Amino acid sequence: MKGAKLAARLLPFHLNSGLYPVASTAHLLGLNASRNIISELLLPVQATTASQLTFVRGMAKRNKTTIEYISMTEPQQDDYKNTDPANFPQLLAAIRQSENLDRVKDLMDKFATRFDTPHYVAAILAVAKRTHLRGTDIVQRENVDWSETTKPFWQRPNARPRQNLVQKSKSLIARIEEQFPPHLNNLYPRQVAHVIYSYGILKRRGIVDGCPFLGDLILAISHDNFRSMDLNGIGADYSQIFKGLANLHAAGSPADADTRRLIEDVAHSLSDEMLLKRGHIRKLDAREVQTILWSYGRIFGKNSFGASERSAENGAKKAVVDLLCDAMLSSGVTTLAPSAYAGAFWALAQLNHASRKDLLAAMARGYSLQTTLLSPLDVNMTLCSCAELNFRDENLFHLCAAKAAELLPEFTNTGLAYMMAAIGELKYNHNGFFTALNKSILDEPVVEIDPDHAWRALKCYRGAGRKDEQSLKVCGRLVEAVLRKVDEASESNCSMILDEVVQLGLVEAGQVTDEQLGPLKNRQTWLQGKQ
């Protein structure tokens, strides 16, 4: 009966609050009460007469909620950007929220004795993120918004960090590298992923030449047959580790042979053991899978450093590439951005994996949803990869060519030349693109072109079948530009340019003469006469 008396004292509270927990009262009290006791306790709620029902309704009406909530903007996290932290988590938050390298240095100076493993990892990541690129190397898309505060942009090829940040970054990284080694035995997968990824960015931006403790980082995740990755690894860990390894392998100055071999072994082990055999591919979303596929192409691609020295056994495993393709399809290709599509196209071309037409077709359909986000590099990589993979999709070609015509001034000379060679290889004729290209060349008072780019441009006009008067005039001006740089051209370039001139019929069209082509036909004789 003690339980019944307690329930009787608590019941008015529930009634006055407008709540009628018929089952929850007994449950919360842990009662093993009989039905008779419960029915007696809850008799006022289970009204059986008109008067009892009126009483219950009136009580509910009097006790209904009348509180008005005022909406207030609350910060998502405490602000330690400017205030000094007082404990371990606050110091970690302050490092993560630092807005510039000076703030990171200030925290390291003031709280050097309190830095632990998470703080050093956060500091390495902060240095990588706060080493911003030059403003001239970033192109903002003013007419497209991702959110109220974020605008999409693309990064120009060979972008460099701001000069005033280079020395600051180098000094901070050198200081961290002196103090970090004692903590290498305390790392778990998320921290290893952060460090490898950060060093990949720093190497790409020319801050470091490599990661001095790469072997220790790899050992931290691979010991005991990848036990830590098996227990704690998530999709973001795999994508960051692979991307960091790819940048350490190839970005900037190429890694030495021993480091490249180490990176290739780790990439093989992680992909084969963890993704393929243990099924961790299920932990990855589409963006993470695409990052790993891009990294795989960067490490094992036909144009990667050391590819000529690599044996077939040490190359990319077809089963792993097929697994990544299947994962991309199953996790939703349409959620990716055009830069991710272009990276995946490029990776499959580098890996000579042209058999997955299903994935290529799915990605091609995804481009039409986000054409405003296409950058010159995306267009270039997509068309060049389609030419190498022998993949045709007329709608994709139309979107890329139209975007190339719109962004023509943003292309680099090398990027435009390779894209034109791909268009010629694909034999695709887009009138809008060639009209814009012809106008841009004919408007130049003096055309300057690298001989290595000239034959690619001529191949574009020949492959697309552009033999109208304006196009032939453009080709004639390109040949004249090459003739001014014959001494810089190689024998093979001269031979290919002559072949394109013949197939385009420029002599018959009156754009060039046989006498003008003399230096190209007999380059050695012409050079000797010039001396």
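Let's start where two helices meet: Leu214, Ile221, Met229 and Asn232 in H10 touch Asp237, Tyr238, Ile241, Leu245 and Leu248 in H11. Keep in mind that this is a predicted model. H10 covers residues 214-232 and H11 covers residues 235-250, and their axes come within 14 Å, crossing at roughly 155°. Anything over 145 degrees counts as roughly antiparallel, so H10 and H11 are roughly antiparallel to each other. The crossing of H10 past H11 is left-handed.

You'll find Thr291 in helix H13, which takes in residues 286-300. Is Thr291 buried or exposed? With a relative accessibility of 11%, Thr291 counts as buried, because the cut-off for buried is under 20%. And what does Thr291 touch, leaving aside residues up to four places away in sequence? The answer is Ser239 and Lys243.

Now for helix H18, residues 394-406. H18 has 13 residues, and at 1.5 Å a residue they should span 18 Å. The sum uses one less than the number of residues.

Which residues of H18 are buried? They are Leu396, Phe397, Leu399, Cys400, Ala401, Lys403 and Ala404.

The axes of H19 and helix H21, residues 451-463, come within 7 Å and cross at roughly 35°. H19 passes H21 in a left-handed crossing. On the H19 side, the contact is made by Asn413, Thr414, Ala417, Tyr418, Met420, Ala421, Ile423, Gly424 and Glu425. Facing them from H21 are His453, Arg456, Ala457, Lys459, Cys460, Tyr461 and Gly463.

Two other cysteines to look at are Cys325 and Cys494. Cys325 counts as buried because its relative accessibility is 0%, and Cys494, at 1%, counts as buried too.

That's my tour, so over to you for questions!

Note on methods. Residues are numbered from 1 along each chain as its sequence is written. This is a predicted model: local features need pLDDT of at least 70, side-chain atom pairs count only at pLDDT 80 or more; totals for chains, interfaces and linings use all residues. Side-chain values use heavy atoms; hydrogens and water are left out. Buried means under 20% relative accessible area, exposed over 50%, partly exposed in between (1.4 Å probe, protein chains only). Helices (H or I, at least four residues) and strands (E, at least two) are DSSP runs, numbered from the N terminus. Axes are lines fitted to C-alpha atoms, for helices over the stretch in contact, and angles run from 0 to 180 degrees between N-to-C directions. Angles under 35 degrees count as roughly parallel, over 145 as roughly antiparallel, 65 to 115 as roughly perpendicular and the rest as oblique. A crossing is left-handed if the near helix is turned anticlockwise from the far one by less than a right angle, and right-handed if clockwise. Contact means heavy atoms within 4.5 Å.
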